[in-house]
Each structure stands twice: as structure tokens, then as C-alpha cells.
Amino acid sequence: MNGQVLLFVSLFALDAVYGQASYSIPEEMPRGALVGNIAQDLGLEIRRLISGKAKIYSRNNEEYIELSREKGVLLVKERIDREALCAHTALCALHLEIILENPMEFYSVTVQIIDINDNAPAFEMNEMKFKISESTTVGAKFVLERAADLDVGNNDVSNYELKPSDHFVIRLQNNADGNKNVEMVLQKPLDREKEEHMSLVLTAGDGGEPRMSGTMLILITVLDANDNAPAFTQHTYKAIVTENTRAGTIIATVSASDADQGSNAKISYSIKNMLGNLKNIFEINKENGEISLIGNIDFEKSRLFQLNLLVSDDGGLTDSSKLIIDVQDVNDNIPVINIMSQSNVISEDAEINTVVTMINVEDLDSGENGNVNCFLNENIPFILKTSKHNYYTLITDSGLDRERSREYNITVTCSDEGVPSLSSSVTLTLHISDVNDNSPVFDRSSYEAYIVENNTPGLPVFTVKASDADWNQNARLSYILEDSSVNGVPVSSYVSVSAENGVIHAVRSFDYEQLKEFHFRVRAQDGGSPPLSSNVSVRMVIQDQNDNAPQVLYPVQTGGSVLAEMVPRSADVGYLVTKVVAVDVDCGQNAWLSYKVHKATDRALFEVGLHNGEIRTVRQVTDKDAVKQRLTVVVEDNGQPSRSATVIVNVAVADSFPQVLSEFTDFSMHDKEYNDKLTFYLVLALAVVSFLFITCLLLIISVKVYRWRQSRVLYHSNLPVIPYYPPRYSDTLGTGTLPHVYNYEVCRTTDSRKSDCKLDRAASHNIMTMDPSFTATMQKLHSKKNILDEPDSPLEVS
């Protein structure tokens with residue numbers, strides 16, 4: 001195992017449980033490599049890691065380490081480059097926190113990243129040029145650029161080598177800050193006359209395994225005597241700068257002097273060994289030593305800067321110094337709210353103090369600028385519970401009701417104590433999940449429905465409607481017909497209920513005369529668990545339809561005998577002859593009956609009461625009135641459409657019974673004789689029509705056979721074909737019946753089906769071709785005498 005436990009694991013409890021563990025791993029480990037057994041080191045069980053939803057929270061938002069809850073170990077998630085993570089810092093560590101829920105526990109984990117030798121020393125410049133006077137004394141030193149190695153410790157730069165080393169040697173000078181200045185020391189006097197230009201190679205090597213190195217070329221130009229080197233006024237300069245200072249601001253001024261005169265006393269300033277992005281932040285005026293900002297300074301990234309300064313004259317003599325820049329913080333960072341654990345949905349029956357969300361707040365500023373306080377928006381049933389290390393827990397403060405509020409937009413606002421104060425907020429949307437705590441409610445306390453009798457079975461009658469204040473499955477309603485009976489018959493044989501939409505259907509056809517109304521109950525049940533339900537009473541009313549015709553009760557109609565009402569000849573006006581009595585089993589206006597005379601032997605003698613059916617005399621009966629009187633009375637109801645019945649009333653106008661009997665006996669015989677004659681005529685007509693049909697059919701068949709035989713005889717004739725050219729079918733002037741000149745050749749035989757008519761090419765080159773059926777067409781036209789009326793026509797009829 002590459003990782004090894006360096007420190008001990010400690011657990012303690014305040015509001016929550018806290019502990020810590022430390023590991024060391026080399027950089028550049030592959031993904032999935034083991035860091036350490038965190039469950040064993042913290043004394044936790046695997047099932048606690050799983051039930052507590054253990055997770056890793058990294059403050060820098062870069063996840064290099066991941067937690068395997070099922071195994072209880074820490075693994076490398078992403079390749080770790082120590083140089084990218086910690087730059088040139090000797091100690092590099094990842095600070096993680098492992099968080100568990102229910103109950104909440106925090107564990108701090110430190111993973112130290114050990115450097116490996118994966119970077120070679122490198123010089124900022126490929127070459128350095130020096131102009132050295134030949135009068136320079138032995139022992140003169142020249143400051144060289146220091147090689148930079150992103151590795152640390154033994155893997156950092158450990159030695160320098162200069163070749164060739166005839167005149168110069170390398171010397172390392174320790175500084176108070178622990179760094180070493182690289183100096184090139186003259187050990188043998190220079191002679192410009194012998195060697196004016198010199199090229200040296202400086203090699204920097206590290207102490208890693210395997211050893212890595214970098215080189216830089218040193219070009220030396222030997223000048224005439226310049227025996228005084230420039231010197232800084234201070235060995236160390238200091239400056240204080242506030243972060244976010246505007247670019248172009250001068251933050252410090254350094255100065256140096258040279259005892260020489262003339263061109264040998266002209267000096268220039270420069271900054272050396274600027275690692276990383278320092279060269280993009282600072283610059284120095286080469287002439288006056290003013291150091292100014294050219295980039296942005298961020299206190300949260302770097303709180304201290306050190307610049308290595310170099311002053312040199314034209315003779316190549318140099319001196320070095322350094323500038324230490326202290327950065328001061330300003331309140332320029334707003335609090336950052338990190339959602340560590342969030343529930344988007346919570347049940348409406350959740351208990352008070354149920355944890356909804358866990359958040360962490362960070363402010364990169366320091367001091368009061370980094371102290372943060374958080375609060376919630378008002379009028380919501382939630383509160384923030386504060387714990388240590390800027391962790392907050394959002395919990396329920398009162399009961400929830402989804403029917404009152406389906407969701408909450410919870411705004412968490414955090415502000416620091418800086419001047420002016422900076423704040424940030426985040427809005428959490430929390431949906432309230434439904435619990436089946438509401439029963440269905442019908443839109444009416446009871447229903448009353450109407451259906452017309454003689455309905456079609458399966459006809460939808462009406463709809464019951466219920467609603468449920470719950471949501472989704474808890475509000476999905478089903479309608480059920482409760483068991484009951486109507487006149488001893490189950491109500492399900494009368495009506496049915498659609499389970500989905502509550503539509504009531506008639507199962508059978510109703511008859512108002514048998515059933516006028518009935519009651520039943522419908523239950524609405526939701527889809528919750530357990531389900532809730534409610535019921536409602538329904539009254540079904542059958543409406544009457546005019547489906548029954550009036551029935552005549554009197555006079556009674558008999559098939560064999562004839563009954564008659566007798567009226568004496570002495571009867572006065574308004575004499576009551578009889579009364580037609582009829583009933584209608586329908587109700588309402590469908591049963592309102594009216595009476596009227598449809599036919600009568602003498603309409604002027606009798607009338608019938610419109611509403612009572614009474615037949616009375618209209619005038620005085622005379623001796624001229626016939627004995628036999630026949631009235632056809634129509635009884636009609638008031639329905640839409642109306643129905644009617646007819647009754648025949650026989651009236652005898654006579655003073656004695658024998659006279660009446662003889663008259664009505666003849667009347668009955670006459671009716672019988674009339675019916676017998678009518679039957680005879682119907683049978684006779686049927687026989688005549690059948691005879692005519694058979695005769696026509698035989699005639700058509702005979703004609704067809706005859707025509708077929710004639711066509712066969714003509715088709716087999718062998719008479720010669722005689723060409724014939726009608727003289728009047730050529731009109732050279734174009735004034736005939738055709739618009740152009742045509743020549744016709746007509747060939748005829750006694751067989752008209754083999755005649756042919758040919759049309760020669762005309763002057764206009766138009767061609768008309770006739771098929772063999774043309775002859776038949778010509779014969780037809782000839783029979784109608786509308787082709788040629790001239791005596792020399794080529795068409796003849798034999």
C-alpha cells in the first residue's frame with residue numbers, strides 16, 4: 001500500500017461527531033489506487049458509511065480523492081500533480097472532510113502528496129551575456145540566473161557545473177531565506193588580447209532518482225577595465241500592497257550606486273528568477289528602479305511576494321538584492337454557499353426537525369471579512385440550525401400540508417462582517433410529496449337524473465363527478481356502483497358506472513309503465529394506500545314516452561257480429577247516441593285524448609265530443625235519413641308524435657227492432673261479398689302478370705337465336721370484292737363537304753361485315769384510318785338516309 005497512516009484518528013462529539021485521519025501518497029498515482037482504509041482508521045463500520053450516505057467534501061471543489069462506501073477505503077479519483085496543486089510549496093496536502101447523515105458526523109482527512117522527481121531543472125533564459133573588464137581582479141563574482149525545479153526536497157536543484165572552467169568556477173551562496181545564489185567567480189585573470197569572447201555552459205542538476213538536469217549558455221565579452229561594481233543601498237527592501245490595487249501603481253523604488261565614472265558608472269535594474277506568473281504581475285524601470293504593478297494581486301492566492309533584484313553596469317559588474325511585498329486583505333469575496341446534501345422532495349407528513357438540506361459556507365477573506373452569518377426568508381416552516389465550521393442544517397419547524405402549499409422556494413442568504421458587507425444567496429426549491437389524507441368529495445350531496453323510457457341499452461345517462469384534494473395516485477378516482485336491489489332485482493342489472501369517468505349507463509331499456517323511478521348509491525374511491533372513499537345517492541327518474549296508442553274500451557269491436565246503437569226517428573237535436581270510451585296507459589299529455597269523426601254516412605247528422613267522446617245528433621232526425629248509419633271515430637292522444645286508434649260505430653235510425661235487424665243483416669252480407677270479390681281480382685292480376693313475363697322472356701330468347709344464325713351465314717360467304725371509287729368524293733377546289741382533298745376507296749361485298757373503306761393521303765398529308773366497324777356505321781347512316789342523297793351513291797340496299 002502506497003498510502004500509510006501518519007497521524008492518529010480521533011473521534012469526539014459536540015453537536016455532531018468529529019474525527020481526523022492523515023495519509024501520505026506519492027504524486028502521479030494512477031486512478032483507483034488505494035489511499036487508505038478510512039473505515040478501519042476511523043473505527044467506522046461499512047454499513048454506517050452506507051446508511052449515513054457518507055461523502056467527501058473538498059473545499060477547493062477539485063475532487064482528487066473518492067470514497068468507496070461499499071469497501072470503506074479512499075481511492076485516487078484523478079491523477080495528482082503536486083506541482084500544479086501546490087506550486088513550489090514544500091509541504092503539499094489535500095484537506096478533505098467526510099460527512100455522514102442521521103446523525104450528522106464530520107471527519108477531517110489530510111492526504112499529504114509526496115513529491116517525485118518528474119521535473120527537470122530549467123533556466124528562465126537560454127543564455128546570459130556578460131561584459132567583463134579585463135582588469136577585473138581574481139575573486140570577482142558574477143551572479144547567474146538560478147535554475148528552477150518545480151520539484152522539492154532532494155528532487156530540487158542540488159548542484160551546478162560550469163564548463164569549461166579555465167577562468168571561472170561556480171560558487172553557491174546561501175541566503176537567509178534558505179535559497180542559494182549562483183555566482184560565477186573569476187579564478188584566473190582575463191586577457192582580452194588573447195581571448196575576447198568566451199562561451200560557457202552552466203548545467204544545473206537535481207538530486208532525484210533518476211537524476212535530471214538543465215543547461216544555459218553563458219556568453220562573456222571581455223572589456224577593458226571597469227574595476228567598480230554597482231551596489232544596492234539595502235540588502236533587503238520591503239513594501240506593503242493592498243490587494244486589487246490598480247495596475248500601473250508604483251509599489252516600491254530601489255536604488256544602487258557605482259563608484260566608477262562615465263559609461264562604467266551607468267547602471268540598469270532588472271528582476272531575476274521570477275517563477276510562475278510573477279513576470280506578469282511586476283515590472284521594474286531599468287533606469288530609475290521603480291517597481292510597479294502590471295497585473296492583479298489577490299490576497300487569497302498569494303499573501304507574500306519576494307522579488308530578486310539585480311543591478312549591473314555596462315562593464316558587466318552586478319549586485320543583487322531582494323524586495324519582500326506584503327499583501328493586505330480587502331473584503332472582495334462574497335460568501336460561497338455550497339450545497340452538501342439536498343432533498344428536493346419531502347413528505348407532507350414529515351416530522352418536525354426533519355433534515356432537508358445541509359450547506360457549507362466559505363468566505364476566502366480573512367478576519368472579519370471572512371466571518372459569515374446566514375438566515376432564511378420569512379413565513380416558511382423551516383429554520384437554519386448552525387453547527388461548527390460554518391456548517392448549517394435546514395430542518396422543518398412546523399407541520400407541512402401539500403394541499404395548502406405544494407412547494408417552497410427557500411432562500412438562504414449569507415453575509416460577511418466586512419465593511420461594506422458582502423452577501424450571497426441561493427434559492428432551494430422543495431416539493432412537498434402527497435400523502436393520502438383527503439377523501440374524495442362529490443360536487444353534489446345527491447344526484448337526480450332523468451331518462452326517457454324505451455332507451456337504447458348502454459346509453460349514457462349522466463355523470464357523477466368527485467374531486468380529491470390529494471395529488472397523482474392519491475387523487476386518481478375510481479367510481480363503483482354499490483350493491484343494492486330494485487324490486488328484488490340487483491341494481492347492476494339496471495345501470496352501470498364507468499370506473500374511470502363516473503358516467504352512468506343504462507344497462508336495459510326502461511318502461512315507464514312498469515318502473516317510474518329507483519334509487520342507488522355510487523362510491524368514489526381514490527388510489528391511495530390505504531384508499532379513502534365517499535358515496536352519494538342517485539335518484540333515477542324514468543320519463544314517459546308516447547309509446548302506447550289509445551285503446552277503445554267501448555264500443556267493443558267484434559269480428560263476426562255487427563253491433564249498432566239505435567236512434568229513434570223522433571230524436572231531437574243533441575240526442576245522446578252513445579259514448580266512445582278509450583284509455584291511454586301513458587301519462588301526462590301523452591294520455592290526453594281527443595275524439596273526432598273521420599268518416600260518416602251522413603256527417604250532418606252526428607257529431608262527437610272532442611274530449612268526452614259522446615256521439616250526439618246535430619239536427620232533427622227525419623224520415624228521409626237512412627236506417628243504416630256508419631261512423632268511423634278516431635281517438636288521438638296529445639303526444640309527439642301522436643298515436644291514434646279508430647272505432648266503427650254502427651247507428652240504426654228506426655223505431656222498431658225487427659227493422660233494424662233486417663237492415664244490418666244485409667249490410668253484413670254485403671261486406672262479405674265485397675271481400676270475396678276483392679280476393680278474386682288480386683289472384684287474377686297475379687296470373688296475368690306472370691303470363692306476360694314468361695311470354696316476353698321467350699320472345700327475347702327467340703330473337704337472339706335468330707340473329708346469331710343469320711350472322712353465321714353471312715360471315716362464311718365467298719363473294720368477290722369489287723373496288724369502287726365514288727366520283728363525288730373528290731373535290732379539287734376544296735369546296736365540298738370536307739376542308740381538304742381526300743380520295744376514298746370503297747370495297748364492297750354482299751357481306752357487309754367485310755366491306756372496307758380506305759382513305760388515301762390528302763394534299764395536306766393528314767391521314768384518317770377507318771376500322772372494319774366503319775361499314776356497319778355507314779349502313780346505319782344509310783338506313784337513316786343522311787349520308788348521300790345523290791343517285792350515284794356507292795351504297796346500295798339489296
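# Side-chain contacts in the predicted model

Phenylalanine 106 is buried, with a relative accessible area of 4%; buried means under 20%, exposed over 50% and partly exposed in between, calculated with a 1.4 Å probe on protein chains only. The model is predicted: local features need pLDDT of at least 70, side-chain atom pairs count only at pLDDT 80 or more, and totals for chains, interfaces and linings use all residues. Residues are numbered from 1 along each chain as its sequence is written, and side-chain values use heavy atoms, with hydrogens and water left out. The whole structure contains 14 aromatic pairs, two disulfides and 17 salt bridges.

**Aromatic pairs**

- Among the 14 aromatic pairs found in the whole structure (rings of Phe, Tyr and the six-membered ring of Trp, with centres within 6.5 Å; planes under 30 degrees apart are stacked, over 60 edge-to-face, the rest tilted), phenylalanine 106 and tyrosine 391 have ring centres 4.6 Å apart and planes at 45 degrees, so this pair is tilted.
- Phenylalanine 106 belongs to strand β9 (residues 105-114) and tyrosine 391 to strand β31 (residues 391-396), so that the pair links distant parts of the chain, 285 residues apart; helices (H or I, at least four residues) and strands (E, at least two) are DSSP runs numbered from the N terminus.
- Tyrosine 391 is likewise buried, at 1% relative accessibility.
- A tilted pair is also formed by phenylalanine 442 and tyrosine 479, with 6.5 Å from centre to centre and 55 degrees between the planes.
- In this pair, phenylalanine 442 is in strand β34 (residues 441-442) and tyrosine 479 is in strand β38 (residues 478-481), 37 residues apart.

**Charges over rings**

- Arginine 508 lies over the face of tyrosine 494, 4.3 Å from the ring centre; the rule requires NZ of Lys or CZ of Arg within 6 Å of the ring centre and within 35 degrees of the ring normal.
- Lysine 516 places its charged end over the ring of tyrosine 512, at 4.7 Å from the centre.

**Disulfides and other cysteines**

- One of the two disulfides in the structure (cysteine sulfur atoms within 2.5 Å) joins cysteine 86 and cysteine 92, whose sulfur atoms are 1.7 Å apart.
- The S-S torsion of cysteine 86 and cysteine 92 is about 65 degrees, so this disulfide is right-handed; both of these cysteines are buried.
- Cysteine 374 and cysteine 414 form a disulfide with their sulfur atoms 2.0 Å apart, and the torsion about their S-S bond is about 110 degrees, so it is right-handed.
- Cysteine 374 is in strand β29 (residues 372-376) and cysteine 414 in strand β32 (residues 407-416), so the bond ties together parts 40 residues apart in sequence.
- Cysteine 374 is buried at 16% relative accessibility, and cysteine 414 is buried at 0%.
- With the bonded cysteines numbered in sequence order, the pairing is 1-2, 3-4.
- Cysteine 587 is partly exposed at 26% relative accessibility, and cysteine 696 is partly exposed at 46%.

**Salt bridges**

- Arginine 48 and glutamate 105 meet in a salt bridge at 2.9 Å, N to O (a side-chain nitrogen of Lys or Arg within 4 Å of a carboxyl oxygen of Asp or Glu).
- This bridge links helix α2 (residues 46-51), which holds arginine 48, with strand β9, which holds glutamate 105, and the two residues are 57 residues apart.
- Arginine 48 is buried at 16% relative accessibility, and glutamate 105 is buried at 9%.
- Arginine 521 and glutamate 482 form a salt bridge at 4.0 Å, N to O.
- Arginine 521 is in strand β43 (residues 517-525) and glutamate 482 in the loop between β38 and β39 (485-486), so the bridge ties together parts 39 residues apart in sequence.
- Arginine 521 is partly exposed at 36% relative accessible area, whereas glutamate 482 is buried at 19%.
- Arginine 539 and glutamate 517 form a salt bridge at 2.5 Å, N to O.
- Arginine 539 is in strand β44 (residues 533-543) and glutamate 517 in strand β43, so the pair ties together parts 22 residues apart in sequence.
- Arginine 539 is partly exposed at 26% relative accessibility, as is glutamate 517 at 33%.

**Nonpolar surface patch**

- Phe680, Tyr681, Leu684, Val688, Phe691 and Leu692 make a nonpolar surface patch of about 660 Å².
- Patches consist of residues with over 30% relative accessible area and no salt bridge, like charges being joined within 9 Å and nonpolar side chains (Val, Leu, Ile, Met, Phe, Trp, Tyr) within 5 Å; accessible areas come from the Shrake-Rupley method with a 1.4 Å probe, and for residues only the protein chains shown count as cover.
- Phenylalanine 680 lies in helix α4 (residues 657-715) and is exposed, with a relative accessible area of 52%.
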